[in-house]
Amino acid sequence: MGVSLTIQRWEKPFGREESLSSLNFYIKDWFLKHYKEPTPPQLYSFKLIREHRNLLITAPTGSGKTFSAFMSILSELMDMAEAGSLEDKVYCVYISPLKALNNDIYRNLNKPLDDIYSKLGASVPRISVGIRTGDTTQQERQKMLRKPPNILVTTPESLAILLNSERFMENMKSVRYVVIDEMHELANNKRGVHLSLSLERLGALIGTDFLRVGLGATLHPLELAARFLVGYRNGTEERDCYIIDATWDKRMEYKTLCPVPDIVNATDRRIDTAIYATLDRIIKRNRTTLIFTNTRSGTERVVYNLRRRFKYGEEHIAAHHGSLSREARLDVEELLKRGKLKCVVSSTSLELGIDIGSIDNVVQLGSPKSVTRAIQRIGRSGHSFQDVATGEIVAINRDDLVECAVMLGAARDRRLDSFSVPTNALDVLAQHIVGMALTKKWKVDEAFGLVRQAYPYHNLDRKDFVMLIEYLSGSYVGLESRRVYGKIWYDANEDAFGRRGKLTKLIYYLNLGTIPDEVSVGVYEPNGRRIGSIQEEFLSRLKPGDIFVLGGRLYRFDHSREMRAYVNRAESKTPTIPPWYSETLPLSYELALEIGRFRRELADALAERVGGAKGIAKTIGKKAIEPGSEAERILDALPADANTKNSILQYFEEQLLFAKRVPNDRLLLIEKTADKEKERLYLIFHCLYGRRANDVLSRLFALELSDAFNADIGIFVNDNGFVLTLDSGIGIGKDDLEKLVASVASSDAQRIIRRNIRRSEMMKRRFRHVAVRSFMVLRNYKGRQISIKRQQINSETLLSAAEEISPDFPVLKETYREIMEDVMDMQRAKEILRKLREGEIKHDIIETPMPSPFSHTLITFGEADVVMMKDRRRHLRELHKHVLEQIRKRYA
Amino acid sequence: MRLTADLEIVDGLPVMHIRSLGALACADLHLGYEGVMASRGGFIPKINLKRIKETLGIAARKTGARSIIVDGDIKNEFSEVHAEEFNEFRELMHFLKEELRMKGLFLVKGNHDNFVDRLRQALGFELYRQEAEIGDYVFFHGEELPESKAKKTFVMGHLHPAIAVYNKVGVKEKLPCFLSGKMSDGREIVVLPAMNSFAGGVEVNRDDPSDIAPVFSKMLDVNGMRAYCFGEGETYDFGKVGQLRHV
């Protein structure tokens, strides 16, 4: 690809006067009264938007991002109002992924308007702002239909519904601007893909192109984000877009903190205690602290512990995450704004630009898994643009420590990790085809052309498009049932499709959207009192007796029935089941490689120190690093505290002593070992390529192993490697492992995964989600949530039924695509296999009496999966034998 | 696998063979399930009837049985008379008579079987409202207690029993099963698994016994019953449900 002429960075800001002169008089007056000076992004945007240029603006919180878009838009509307040409029509649509953010924007837009109009009086018609989300009442909607707002504030899902409201669309024909906020939350997932199609449909419905402004915290590469924002005109021609990058204009200070002097030898309990003590210190030192955890359950745990350990009351510390009720969240936001709370703990919900007043300090507990996210989160502190944002990452384990320190090093050097856009997602497209069919009769080519204008579908295959139409029209079932199965009408001879039946519109309204993917399960006490909810997938991991945290309290899992989990209050002080790790985001490939390189460089620098001296065990980590040595230079370069550096040193030296090797970017270490009870054999693959590449490699090795030994293989994947677990009865020697590596390295990864991923649990789980998004299984029917018992169709049966229809059945095809492209990183995995084959990456096989220091986190935190042996009959026999043995042991 | 001298599970299938009656027994077919789901807007591919026909075909060939007893819930919906159900029901009846040459078709009504009365004469089957005493057995669907005081073996469906066990690598697996044991008054009872493979099973070894079959909580000790699972042409005795609670 050559240099794009249509997507360009705008490097030079306009002058203050030039920028301000592009604003309407009243707007400029108001702006100068309240802000005095335009912020850096505004020095680009005021003029460019007034010149009607598509723009992508990235800048941290507090940079006046929203106004950088809206001052110019309000200016144009004000000009129209003054000229008497402002009508009761929608001119601007603002879309954000969060309802809470919409409420903020609604308030923030009305503020200048209130001020301005209080002076102007009724002489100039008022610019109106309206809000439309899932929370908007029927009455408000009716009102909006009669008197549409000039600026419509909405969510991607509500926009998709509006597209199918013929009456409302009459008022949308005048749209000139579309502003999309929090682009970084949309460009990399199916929700954003869904929105990209809505925008093209909107353009087609109003018959003209509108200006697109994308706002977001930092993203990399920005060019990709811009392409995603603007799409294509007339099916082929890329639309223009300027990029304004003010990511680095806010100063930031950050550091990795290690809660104890030596994290390797501290007990979990000690680390835990120290983590909370560290948090407490930070909270006490600052006026307001925002703590980010990586999971909702993590948020719960932190709030529970801070309150219990340091006697903070509910008025001091609060939780804020998506599982809480809307009221609870609004309360917390309000308390924050009024400066009442000392500390708020959040998973992701406060990452976005909700107005929460002034935060002095951000603490990230555990690795945020990406440089970009680390910057976004820390950027939440320091209210204004001139303030310095300050933050700490508190590492929770030894691998975390290295990861966070290297990550902040990359942030300092402005090296960001990249995102990718899911392309040609058939489930999202299925929803839009239904939506489009509802509005009119389409020629297939006309509809296809429209879809291809959206960036994520620019390379869509026409065959796939037609296949989806066939699926939705019921062509996959016999003629006699088509009337029942068809959601849309399709005539292959005429090459056209359109609406059918009355039910479809309802189905579309009630089941549209790409979230939530997870089924939540109510948690109840024996007396029937409901305590809260957990995710179905978390439930599937719970065994009777497991203790977990919910709503700040501990519960013991007893049993589940029909999607209800029954629990008892637990007296124990420690949960036995770790939080749900698949919620965590994967580490980026780039960062994984950086960590691998860091490992190699530090290990090389330490090799002589550890290898040389006798009796080194006693001095490990305690002997000061030689001043001026390479090791000192490497450690000192890290943005981290002394505990961190000391712990990292300790960690590396112990690994070198124990295993003589530190796995790194050029060394794949395979460790054969066993758990304490010797029941299970562990094959630990130390491969630092990030979870998405490891997702591929782990399945490849598991499949080969399963076939070679005719066994079920348990899988545990995380960013630093993966673990395969086998029954200890299986004898595997070094030769077998050598053969395994050789055979995997020379295998056709794509083909093997495609053919065999069906034997994993992941396939079933993903298929279920895709089936819901493709309207194959419905969430809602006639306004009622479909009772879980009815919805809970045996996914194995459903999957095999789909396979019997056709291996290319769209829902199946999308499941494979999602796994191979969105979940896994096939390209990079193939690259790793090539390097392994050609010796660029060496491998080493060792056998250890117990897992080596670098294995510790690999076997404790990971996303679990399993590859079932091919031979189903043998699988059943073994399962039977296993269960009888368990019974014999227990009842003998 | 033989449960008694007269009763055997047709290996690998959710079907029982009763030698003294020369009959197969099965339950909970839920015909028309996919069509009913489709009429509400979903897309569940049709596979249930096809699999049921295959299963019964194999069972009939293996055992030579010339009669069949369906122990309730042959169709899916509670109230509506659904065309999809009607068509599939007819097709199955014809298949049993014409292709498997079944002489006796005995249907015990379940909570989902409302319209079948009207088809009785046209399709030629015996229909029982609550329970059917046939030979040494009392067949009843299972949503209500049987009335019969006869000292016979009771056979029911309705529960969709399954057991959930953790495999060697720690993953939970759910296996549909037959249950066999005694009622509190000492009479024998067998619970048939569901023929419909879309239906999720009730985890009898995980759920509270009083929740599994509320009406029977006094009569039926689920923990004392044996669970027999089937699949891939084989049947496995997993022992007593009570002992499966901890594995």
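Helices, of at least four residues, and strands, of at least two, are taken here as DSSP runs, numbered from the N terminus. The model I am presenting is predicted. On that basis, chain B holds five helices and 15 strands.

Let me begin with the overall form of chain B. For its 247 residues, a compact globule would have a radius of gyration near 18 Å, and chain B agrees with this at 17 Å. The C-alpha trace spans about 50 × 45 × 35 Å along its principal axes. Of the 247 residues, 53% count as buried. Among contacts in chain B with a separation of 6 or more, 64% are between residues 24 or more positions apart.

I turn now to one sheet. Six strands of chain B form an open sheet in the order E1-E2-E3-E4-E5-E6, and their pairing is mixed. Strand E1 (7-9) and strand E6 (126-128) each have a single partner strand, so one side of each is left without a neighbour in the sheet. On average, neighbouring strands are turned by 20° against each other, direction ignored.

Finally, the interface. Here 38 residues of chain B are in contact with 42 residues of chain A. On the chain B side, helix H1 (33-39), strand E11 (172-182) and strand E15 (234-240) each supply at least two residues. E15(B) gives the largest share, four residues. By class, this side of chain B comprises 13 nonpolar, 13 polar and 12 charged residues.

Conventions. Residues numbered from 1 in each chain as written. Chains lettered and ligands numbered in written order. Predicted model: local features only at pLDDT ≥ 70, side-chain atom pairs only at ≥ 80, totals over all residues. Pairing = 2+ DSSP bridges. Axes fitted to C-alpha atoms, helices over the stretch in contact; angles between N-to-C directions. Contact = placed C-beta atoms within 7 Å. Nonpolar A, V, L, I, M, F, W, Y, C, P; charged D, E, K, R; others polar. Rg over C-alpha atoms; globule rule 2.2 N^0.38 Å. Buried ≥ 20, exposed ≤ 12 C-beta atoms within 10 Å, placed from the backbone.
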